[in-house]
Amino acid sequence: MTDDKKGPLEGKTVLDLTTALAGPYATLLLAGLGARVIKIENPSKGGDSSRNNSPYVTADGLSVRRADPLDMSVSMMVRGRNKESMTLNLKHPSSRALFLDLARNADVVVENYSAGVTERLGIDYKAVRAVNPGIIYTSISGFGAQGVSGSDGKAMDTIIQALSGVMMTAGEPGDAPVRFGLPVGDLVAPLFAVIGTLAAIVHAEATGEGQHVDVSMLGSLTSLVACEPFDALESVGIPLRTGAVVPRLAPFGTFRAADGWFAICAPTDAFADGTLRAIGLPDLVDDARFATRDARVHNADELHALIREWAASRPIAEVLRAFESNSVPVAPVRDTAAAVRDPLVLSRHEVVPIIHPQYGHVDGLYGSGLPVHFSRSRTDLSRPAPALGEQTDAVLHELLGYDARDIERLRTEGVL
């Protein structure tokens, strides 16, 4: 990558009205693609809620408590990279006009308020479109911009996981629902939001017309659940929850070796043959129980039991060698600490060190990179997260031409 490369969204300005995780992750990706992202934070509440998420990076390293105003939460250090921060109290009567002035000079607005909040504040898509018909206005909410009857529409990741059915796709039959440790609802919705935003940008550049991009967390996650026809599979006797293995793809799943876990994915005839040879049972390659895919599915429990028995007493290194030498897709099950230190993902900047603007890098602290490589463009998430309101003066001066007296007056009035 050369220094003269630019991000594909260079020249685009995004007004970021998001907080917590789903919205800020969407704007983080837009920032990594080169957009100028201006994070608008409420000064009366201490800014984005993630600024107060323990743990914090302090002068002495990681701590569960903030000890100094310079200390910053790990959450904000990860999600606030490459963004500018300005304060604006959107409940102040004068804030609406200021925000709409900013929107006149922007290309994209991203918000993740509950349905109806932006309308009450007077900064919804209709209001913004009136001053900038070409604006892309992206909303990320729990259930969609229409809201939910009889509810305030607020949703957290675990609520979305529960409603989407995803909790019932993991674990063994009869187990309690399994909450995914990764907040998948909070992370899937922003991916769709970015896809929608980029598509709307292409449309706007071709037609001059902006539009409202409306993404729900529930719809995003449920759409992925629907990628697998679970109801249809159950109707023919294939259980919804199969735990560590997937019988309809046998041999397939995770298994325990003497000193660790490993995963194999061997649904084809060639891979299944390799599996039987790897575990020292080449005579079973032509056995009627395992010779075809349908037969292996029918006898999945027996096949998986053979793998478990063979692997249980062997070290993981020996297990991996056996499968690899027989061309079977296999991998150790790594913990998160090992995964984020993989030299390959680090070299591709798919995981990157996280930097505090004053204290630098804390050993062992990594965050998501932007896992897309372009041949002619660059991506970058190396700029540290800003302090609350750090760029307020610069944004108002550069975009709106305000001078120091204008800005001080707004602060005195409680607008900023």
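Among contacts in the protein chain between residues at least 6 apart in sequence, 68% connect residues at least 24 apart, where a contact means heavy atoms within 4.5 Å. The structure is a predicted model, in which local features need pLDDT of at least 70, side-chain atom pairs count only at pLDDT 80 or more, and totals for chains, interfaces and linings use all residues. Residues are numbered from 1 along each chain as its sequence is written, and side-chain values use heavy atoms, with hydrogens and water left out.

The C-alpha trace of the protein chain spans about 85 × 50 × 40 Å along its principal axes. Of the 416 residues, 45% are buried, a label for residues under 20% relative accessible area with a 1.4 Å probe, protein chains only. The accessible surface comes to about 20500 Å², and carbon and sulfur atoms account for 54% of that area; accessible areas come from the Shrake-Rupley method with a 1.4 Å probe. As for charge, the mean positions of the 39 positive and 50 negative charges are 4 Å apart. Here Lys and Arg count as positive and Asp and Glu as negative, while His and the chain ends are not counted; each charge is placed at NZ of Lys, CZ of Arg, CG of Asp or CD of Glu.

Turning to secondary structure, the protein chain has 17 helices and 14 strands, taken as DSSP runs of at least four residues (H or I) for helices and at least two (E) for strands, numbered from the N terminus. Six strands form an open sheet in the order S6-S2-S1-S7-S8-S9, with parallel pairing; two strands pair if DSSP finds at least two bridges between them. Strand S6 (83-87) and strand S9 (211-216) each have a single partner strand, so one side of each is left without a neighbour in the sheet. On average, neighbouring strands of this sheet are turned by 20 degrees against each other, direction ignored. Within the sheet, strand S7 (residues 108-111) and strand S8 (residues 136-141) pair in the parallel sense over four bridges, and Val 110 stands opposite Thr 138 in S8.

Helix H7 (residues 184-207) lies across S7, S8 and S9, running at about 165 degrees to S9. Helix H16 (residues 392-400) lies across strand S2 (36-41) and S6, at about 90 degrees to S6. Such axes are lines fitted to C-alpha atoms, for helices over the stretch in contact, with angles from 0 to 180 degrees between N-to-C directions.

Finally, Gly 122 lies in the loop between helix H4 (117-121) and helix H5 (125-131). Gly 122 counts as buried because its relative accessibility is 13%.

Notes:
Buried < 20%, exposed > 50% of the residue type's maximum accessible area, 1.4 Å probe, protein only.
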